[in-house]
Amino acid sequence: MDNWQLLPYDGLGELKFSQTRENIRSILGRACRLFKKTPQSNLSDVYDKYGLHLYYDSHDMLEFIESYQPCRPFYEQVSILNRNVKKVISDISKLGYTERFDSGSYFFDDLGLALYAPASHVEAASMYKRGYYDKRVDL
């Protein structure tokens with residue numbers, strides 16, 4: 001799969017937040033491993049081949065996507081991962097979006113996008129459905 005276009009609050013490429021785990025597995029295949037990020041969280045699917053951690057709600061609906069290398073997510077023409085975080089923020093800001101920094105990540109609230117860059121380069125990018133962070137209490 002090569003199309004990793006960020007779709008604000010909708011998903012990433014063919015992966016949509018309205019899809020079930022089974023539907024996602026029919027797209028990416030069943031060769032994933034399962035993990036729990038916290039003891040209280042639901043089981044998530046890890047696709048190292050694609051550089052994706054996929055998180056599901058209690059109804060097995062996709063609600064959060066974490067991407068890392070080798071995934072190559074982009075928005076418009078802006079490549080997101082493995083680039084200088086200041087350059088990525090600048091490129092997205094030129095498209096009319098504003099970032100905020102919170103809990104170690106840069107958030108573009110109007111896009112449903114968070115960038116994790118503990119040093120100078122973006123190591124992971126997360127996409128989430130509308131309202132995802134509104135309901136979180138374990139952050």
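A: **Salt bridges and their surroundings**

Start with aspartate 109 and arginine 100. They form a salt bridge, and their closest N and O atoms are 2.7 Å apart. Bear in mind that this is a predicted model. Aspartate 109 has a relative accessible area of 32%, so it is partly exposed. Arginine 100 is partly exposed too, with a relative accessible area of 32%. Elsewhere, salt bridges with shared partners tie six residues into one network: Arg21, Glu22, Arg25, Arg30, Asp45 and Asp60. The count for the model comes to twelve salt bridges.

Stay with arginine 100 for a moment. Besides its salt bridge to aspartate 109, arginine 100 lies over the face of phenylalanine 107, 4.4 Å from the ring centre. Phenylalanine 107 belongs to a cluster linked by ring pairs. Aromatic pairs number 15 in the model.

Now return to the network. One of its links joins arginine 25 and glutamate 22, whose side chains meet in a salt bridge at 3.8 Å, N to O. Both residues are in helix H1, residues 21-28. They are three residues apart, so about one helical turn separates them. Arginine 25 has 15% relative accessibility; it counts as buried because the cut-off is under 20%. Glutamate 22, at 42%, counts as partly exposed.

Helix H2, residues 85-93, holds another pair: lysine 87 and aspartate 91. These two are four residues apart, about one turn of the helix. Their side chains meet in a salt bridge of 3.1 Å, N to O. Lysine 87 is partly exposed at 40% relative accessibility. Aspartate 91 is buried, with a relative accessible area of 14%.

Aspartate 91 has a further partner. Its side chain makes a polar contact of 2.7 Å with the side chain of arginine 83. Arginine 83 sits in the loop between strand E9 (78-79) and H2. Which residues does arginine 83 touch, leaving aside its neighbours within four places in sequence? They are Val78, Val88, Asp91, Ser120, His121 and Val122.

Aspartate 60 takes part in the salt-bridge network and lies in the loop between E6 and E7. Most residues other than glycine have a negative phi. Aspartate 60 is not a glycine, yet its phi is positive, about 65°. Its relative accessible area is 33%, so aspartate 60 is partly exposed.

What do the strands on either side of aspartate 60 form? E6 and E7 make a hairpin with five residues between them. E6 covers residues 52-56, runs antiparallel to E7 and is joined to it by five bridges. Within this pairing, histidine 53 stands opposite glutamate 66 of E7.

E7 itself covers residues 62-67. Six of its six residues are buried, so E7 is largely enclosed by the rest of the structure. E7 has strand E13, residues 124-128, as another antiparallel partner, with four bridges between them. Here serine 67 stands opposite alanine 125 in E13.

Past E7 comes a loop that runs to strand E8 (74-75), and proline 70 is found in it. Most peptide bonds are trans. The bond that joins glutamine 69 and proline 70 is cis, with omega about 15°. In the loop between E8 and E9 lies glutamate 76. Its phi is near 55°, a positive value in a residue other than glycine. Glutamate 76 is partly exposed, with a relative accessible area of 40%.

Three strands form an open sheet in the order E1-E2-E3, with antiparallel pairing. E1 (6-7) and E3 (15-16) stand at the edges with a single partner strand each, so one side of each has no neighbour in the sheet. E2, residues 11-12, is joined to E3 by two bridges. Glycine 11 has lysine 16 of E3 as its bridge partner.

Note on methods
Residues numbered from 1 in each chain as written. Predicted model: local features only at pLDDT ≥ 70, side-chain atom pairs only at ≥ 80, totals over all residues. Heavy atoms only, no water. Pairing = 2+ DSSP bridges. Salt bridge = Lys/Arg side-chain N within 4 Å of Asp/Glu carboxyl O. Buried < 20%, exposed > 50% of the residue type's maximum accessible area, 1.4 Å probe, protein only. Phe/Tyr/Trp six-rings, centres within 6.5 Å; stacked < 30°, edge-to-face > 60°. Lys NZ or Arg CZ within 6 Å of the ring centre and 35° of its normal. Polar contact = N/O pair within 3.5 Å; in protein donor to acceptor, adjacent residues only side chain to side chain. Contact = heavy atoms within 4.5 Å.
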